[in-house]
Amino acid sequence: MTRETWATRTGFILAAAGSAVGLGNIWRFPWMTAENGGSAFLLVYLCIVLAVGVPGLLGEFVIGRRARRNPVGALRTLSGSRAWAAVGGVSAITGVALLSFYSVVGGWILRYLLVSLTGPFTGGAAYLADPGAYFGSVSFGAGAAGYHLLFLALTGLIVLGGVRRGIELGTKVMMPAVLALLVGMAVWVSTRSGASAGYDFFLTFDPATIRADFFSILGPAAGQALFTLSVGAGTMITYASYIDEDRSLPFDGAVIALLNTGVGVLAGLVVFPLLFSQGIDPGSGGPGALFVGIAAAFGALPGGSVLAVLFFGVVAFAALSSSISMLEIPVSILVDERGWSRRKAVGVLLALIATTGTITAFRPPLFDFVAGTLVDLLLTGGLLAFLLFAGWVLGREAIDEYATGAGPVAIRLATPWLFAIGVVVPVFLTFTLLTTAGVDARVGFWPTVVAVAVVLAGLRRRATA
């Protein structure tokens, strides 16, 4: 069977950026920012994107293009080890876990979009009267499960179309639409009275907050950075396996990271000024903050019903552009490693995720755990494994692949990049894993640092054995 490739470079960049630009930017980013100090969180997040996310993104690109396989096949082929193949197999679990909560949130988006579209014909969108009560009544239960299935079906239809006719074509439409609508809404929101308080909360950096709460901010900021860049799940290994040899991986990675970060900041420039202009606390509501707060703001604004359609339309496009990449991970594994047809792989996985997602749609505590702690741990641990593989197993081969198609400036950065993914970033990721698990709170900072060294030494011995 001939393996598919991207039709154009633009298609690959938009597809990879679309994977990164999703609910992580528009739903999870404002929620995490509001709960973790506003601008303090933004500063830590941006530093992690630059210092950890971009090198990690390139690490996954190198593995995927070098092997031209999914995460399981790539790690097995390049190492000759079944143990590394098993590590790659965790990517399939991560993809299923991601979609098990992501499709529930996608269902919320579709419901709000549908209600916004039908609002003019039904006397106004139902959520406008009491946004908090409405979200509480629809966020979990049978209705949420039904919309989760609808969102999952749309995701499956796009992935079923394959790389060129499904994923690439879909993201070529969705990504420009997301960018254009967000820019337009950000410009409009800037004219609202009271918007300046939102800009202060989001953009005025407070060093005191970072000093006081750095370690409590670090875990969520790292998880958010990895989630929004789609690293750690094997998505970028999978997508890179479909690209040609003449592409510059550093250039493509930089563009994708820039697009992703730009959309996240744009979302903040829409959400926070809009909330503050209506006197709404951005830190209330947890996962439902976007729906409750934004819905309340739309209800108080002239022309709010039109804005609601535009906003939830943007979020729906962004959600789908990411969900298709999550489904493509296990689909590519089943197609490449098991010889399944794409139709069979998509069908079986949709049935599985329909079940797991329905369970999370009925159990809010499980949803919160999967969407928060579990995803943060899986993505951080996954990226740690991929970078140890690229830095310690591939080594000079990783530099060769990195340099293929790259320009002279990028090539000069190859050796520092290898040191970063082999030493610096793994130290950071291991520390983040331990602090997320609460090790520092139980044993103290310096014992945690010692634990990082011990863990990495053990992993190095295993990786190079």
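Here are legends for a few close-up views of this predicted model.

Residues are numbered from 1 along each chain as its sequence is written, and side-chain values use heavy atoms, with hydrogens and water left out. Local features need pLDDT of at least 70 and side-chain atom pairs count only at pLDDT 80 or more, while totals for chains, interfaces and linings use all residues.

**View 1. A look into the largest pocket.** About 380 Å³ of space lies in here. On a 1 Å grid over the protein atoms alone, a pocket is an open set of points where a 1.4 Å probe fits, with protein on both sides within 12 Å along at least five of seven lines; points join across faces, edges and corners, and the volume is what probe spheres set on them fill. Of the 17 lining residues, Leu50, Val54, Pro55, Leu58 and Ala254 are the closest to the centre (lining means an atom within 4 Å of a point). Helices H3 (39-67), H12 (249-277) and H19 (414-436) each give two or more residues to the lining; helices are DSSP runs (H or I, at least four residues), numbered from the N terminus. The lining divides into 15 nonpolar residues, two polar and no charged (Ala, Val, Leu, Ile, Met, Phe, Trp, Tyr, Cys and Pro are nonpolar, Asp, Glu, Lys and Arg charged, the others, Gly among them, polar).

View 2. Rings of Phe, Tyr and Trp (its six-membered ring) pair if their centres lie within 6.5 Å, with planes under 30 degrees apart counted as stacked, over 60 as edge-to-face and the rest as tilted. The two sit four residues apart, about one turn of the helix, and both are buried (under 20% relative accessible area, 1.4 Å probe, protein chains only).

View 3. Phe101 and Phe367 are both buried. Ring pairs also tie them into a cluster with Tyr102, Trp108, Phe135 and Phe140.

**View 4. Helix H15 and its buried side.** H15 (residues 342-362) reaches 30 Å from its first C-alpha to its last, close to the 30 Å expected (1.5 Å times one less than the number of residues). Its buried residues include Val346, Leu349, Leu350 and Ile353.

Notes. Buried < 20%, exposed > 50% of the residue type's maximum accessible area, 1.4 Å probe, protein only.
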